[in-house]
Amino acid sequence: MSDVSVLEKGQALKKILIIEDERPLAEAVQFSLEKEGYEVDIALDGERGWEMFSGGGYDLILLDLMLPGIEGMEICRRIRGSGSTPVIMLTAKDSDVDKILGLEMGADDYVTKPFNMRELVARVRAVLRRAILEGEVADSKNRRLEVGEIVLDPERHEVTVCGEVVDMPLMEYRLLELFMRNPGKALGREYLLNKAWEGDFYGQTKTLDVHIRRLREKIEKDPANPQHIITVRGVGYRFEAGGSKG
Ligand code: CA
């Protein structure tokens, strides 16, 4: 039953690396995690662990703090420096947890030895779930936004209208991104100012109108009769996919 629980969610098989020099403990953890449907490898010392991690392909690292070869703390730092692979530290009772979870090492979680396998499995699941969610958020932030002839590409930080690249200063770009992420919603002037200027706005709200006017000149077929950026009196602006007759 628990064998399918991980795969049922439609996730790809997750690969876990255990770096732990106590072989019986490492094998017991491997057994428990494999029963849950994970693919699990073991490294019995720090050097081998770092080598295997560097080979790539792991979704989570279980890392012992006290290791022969390269110590756990150093490996954790290196893993952090190389990307976002989550790390759960296996620690002794008197370990400095602040250090482990803090900036110095930056582990995602820890369990204290001796630990209960069920607790470890629950931690592994929680950390993997969080990593998947964070990955999805990052993906959606980079997704191209497309409304009619207007395309905004966050990865390239570029806007095209009818296939032509449009020169867009940062504030106009941010405003357009806000609009395209919230189609059909009336967005208040304060909201737009705060979001586009990231809370760093000290000018007058008239500035907003200037930017909106410039934006309309770039994306509207007839800027005097806008089909996309619609003025909502007393509130602010609303972005429409277009097609409404003006
Ligand atoms: Ca150890």
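This is a predicted model: local features need pLDDT of at least 70, side-chain atom pairs count only at pLDDT 80 or more; totals for chains, interfaces and linings use all residues.

Modeller: The calcium ion is coordinated by Asp21 and Asp64 through OD atoms and by Met66 through its O atom, at 2.1 to 2.3 Å. Along the sequence, these donor residues follow the spacing D-x42-D-x1-M. Asp21 and Met66 come from distant parts of the chain, 45 residues apart. Asp21 lies in the loop between strand E1 (15-19) and helix H2 (23-35), while Met66 belongs to the loop between strand E3 (60-64) and helix H4 (72-81).

The backbone deserves attention next. Most peptide bonds are trans, and most residues other than glycine have a negative phi. The peptide bond from Lys113 to Pro114, however, is cis, with omega near -5°. Pro114 is placed in the loop between strand E5 (109-112) and helix H6 (117-142).

Two residues have a positive phi without being glycine, namely His157, at about 55°, and Cys162, near 50°. His157 is in the loop that joins strand E7 (150-153) to strand E8 (158-161), and its relative accessible area of 46% makes it partly exposed. Cys162 is in the loop between E8 and strand E9 (164-166). At 57% relative accessibility, Cys162 is classed as exposed.

Helix H7 (residues 170-181) packs against helix H9 (residues 206-219) at an angle of about 75°, and their axes are 10 Å apart. H7 is therefore roughly perpendicular to H9, since angles from 65 to 115 degrees fall in that class. On the H7 side, the contact involves Met171, Glu172, Leu175, Leu176 and Phe179. Their counterparts in H9 are Leu208, His211, Ile212, Arg214, Leu215, Lys218 and Ile219.

Terms used. Residues are numbered from 1 along each chain as its sequence is written. Side-chain values use heavy atoms; hydrogens and water are left out. Donors are N, O and S atoms within 2.8 Å of the metal (3.2 Å for Na, K and Ca); water is not among the atoms, so sites may look incomplete. Helices (H or I, at least four residues) and strands (E, at least two) are DSSP runs, numbered from the N terminus. Buried means under 20% relative accessible area, exposed over 50%, partly exposed in between (1.4 Å probe, protein chains only). Axes are lines fitted to C-alpha atoms, for helices over the stretch in contact, and angles run from 0 to 180 degrees between N-to-C directions. Angles under 35 degrees count as roughly parallel, over 145 as roughly antiparallel, 65 to 115 as roughly perpendicular and the rest as oblique. Contact means heavy atoms within 4.5 Å.
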